[in-house]
Amino acid sequence: MTEHQKRDLVSIEDLSTEEILELFHHAEEFRQNLRDWSDVCRGTIMATLFFEPSTRTRLSFESAMLRLGGGVITAADSENSSSAKGESLADTVRVVGGSYADILVVRHPQDGAARVAGRYARVPVINGGDGAHEHPTQTLCDLYTLWKEKGRLEGLEVVLCGDLRYSRTIHSFCYALARFGANIVTMPYPGFELPEYVLLRLRRDFGVQAATAAVDDLPGIASGSNTAAYLTASKPHQLALFTNLTNVEVNRIDAIYMTRAQLERHDGESTLDYPRLTRSTLGAAAAKDARIMHPLPRVDEIDYEVDDDPRSIYFRQAELGVPMRMALMAFLLGKIQLRAQPPKVLATQRGIDGGATLRCHNERCVTNGEGVRYLDRDFRLRSSEAVGVLCCAYCEREILVRFLGDEKSRTFHAYGSPEGQAIPEPRRVHFETDSQAEAAGYRSADD
Ligand code: NCD
């Protein structure tokens, strides 16, 4: 596979909607008889590089590759790999992706690390979860399972529950749900709401405003006193998808997606009253046809007695992970072709150089972590109006650029002004504030 053909799956945005749907059909074919496909990737080697714990993701990838007839090499214990000696992820993937392996699956604790792997490896890279950023293959499994259960994704009412702040599976899932036209109701554990940057992106890129419901309303659903469930919005101004502006009226819940508290990314916050789905919580009329989903591992947030409920599909999600990942790897390795077009913009190209001034404000971003030693500060332009919205090319966190400097005249202008926009691209220097521009030795054109 040559460089320009290489595709990575780091964010769920790296696949177009049509590609995702086509992959479901391939997964269906693989699923019919998992043992029939040992010629598809014969002679191919997959490496799993996991710098965080994993059971399902790593084993389902390894199983998928073995079922496709390929081989597997693993560095699953970061204590026993050279990262423990201080080797960078970039160096590791440069070596492993090539003569050692034809495709890499990477899990890493820092946001944006998978994009680093994608940029430095010569072979396709799949994100197996990078910090709180994304977990796109979990989303493929989640969507595939829900699609099989409900026969569609468009128009579904999906309640996201629990730690929505740090759960990477939630982040990838809600971007995808928005893209497929599903409605999102968030039911966060208080203090663990969907982050503002996720909400912003849902609004701007998909025109979707997630409706927020208080987690206390979960028992309310169960009361069954109404045929409709009324979820009291904790932030009424966020309501847009629903007709009632003071309450979110959900007559039908198609799925409740529960997540565990992501303790490994917390700063010691208490999770004492963390929500818990029980048989009685799920007794509401509105939840009659709901599917209960969870990426697993489950800790205490779904009662074991719910496992036997026919609406519970969390073990099914994990099971379907094998055919789904078979389809994905066969595609990325060029063993199956898709008719669908890829996304218009592939995130692999370099964008705007942040130079000495711009830096990603996400402290958990790989550019502020191990990448501080070697990564360029690279940003992509997301929207350009009165201010420029740039996002970190790695963790995708956004920054607002209010001023543009001209490297030649050493003057700066408001971003959206005709003078600012007239600065030729190669001479542009981006600033978030005027004081940043002045500190860099630029003077305001208005002076
Ligand atoms: C998830 C993860 O690692 O983000 N696990 C998984 O891959 N199924 C969810 C979690 O750990 O809570």
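**Exercise 1.** In this predicted model, find which ring the charged end of Arg201 sits over, and then treat Arg298 in the same way.

*Solution.* Begin with Arg201, whose charged end sits over the ring of Tyr175 at 4.0 Å from its centre. Then turn to Arg298, where the charged end sits over the ring of Tyr304, 3.8 Å from the ring centre.

**Exercise 2.** Determine how many aromatic pairs a search of the whole structure finds, and classify the pair formed by Phe30 and Trp37.

*Solution.* The search of the whole structure gives 12 aromatic pairs. One of them joins Phe30 and Trp37, with 4.9 Å from centre to centre and 85 degrees between the planes; because planes over 60 degrees apart count as edge-to-face, this pair is edge-to-face.

**Exercise 3.** Classify the pair of Phe173 and Tyr257, and state which parts of the chain the pair ties together.

*Solution.* The ring centres of Phe173 and Tyr257 are 4.7 Å apart and their planes stand at 35 degrees, so the pair is tilted. Phe173 belongs to helix H6 (residues 168-179), while Tyr257 belongs to strand E10 (residues 255-258), and therefore the pair ties together parts that lie 84 residues apart in sequence. Both Phe173 and Tyr257 are buried.

**Exercise 4.** Describe the chain as a whole by its helices, strands and buried residues.

*Solution.* The chain holds 11 helices and 19 strands, and of its 447 residues 57% count as buried.

Terms used. Residues are numbered from 1 along each chain as its sequence is written. This is a predicted model: local features need pLDDT of at least 70, side-chain atom pairs count only at pLDDT 80 or more; totals for chains, interfaces and linings use all residues. Side-chain values use heavy atoms; hydrogens and water are left out. Rings of Phe, Tyr and Trp (its six-membered ring) pair if their centres lie within 6.5 Å; planes under 30 degrees apart count as stacked, over 60 as edge-to-face and the rest as tilted. Helices (H or I, at least four residues) and strands (E, at least two) are DSSP runs, numbered from the N terminus. Buried means under 20% relative accessible area, exposed over 50%, partly exposed in between (1.4 Å probe, protein chains only). A charge sits over a ring if NZ of Lys or CZ of Arg is within 6 Å of the ring centre and within 35 degrees of the ring normal.
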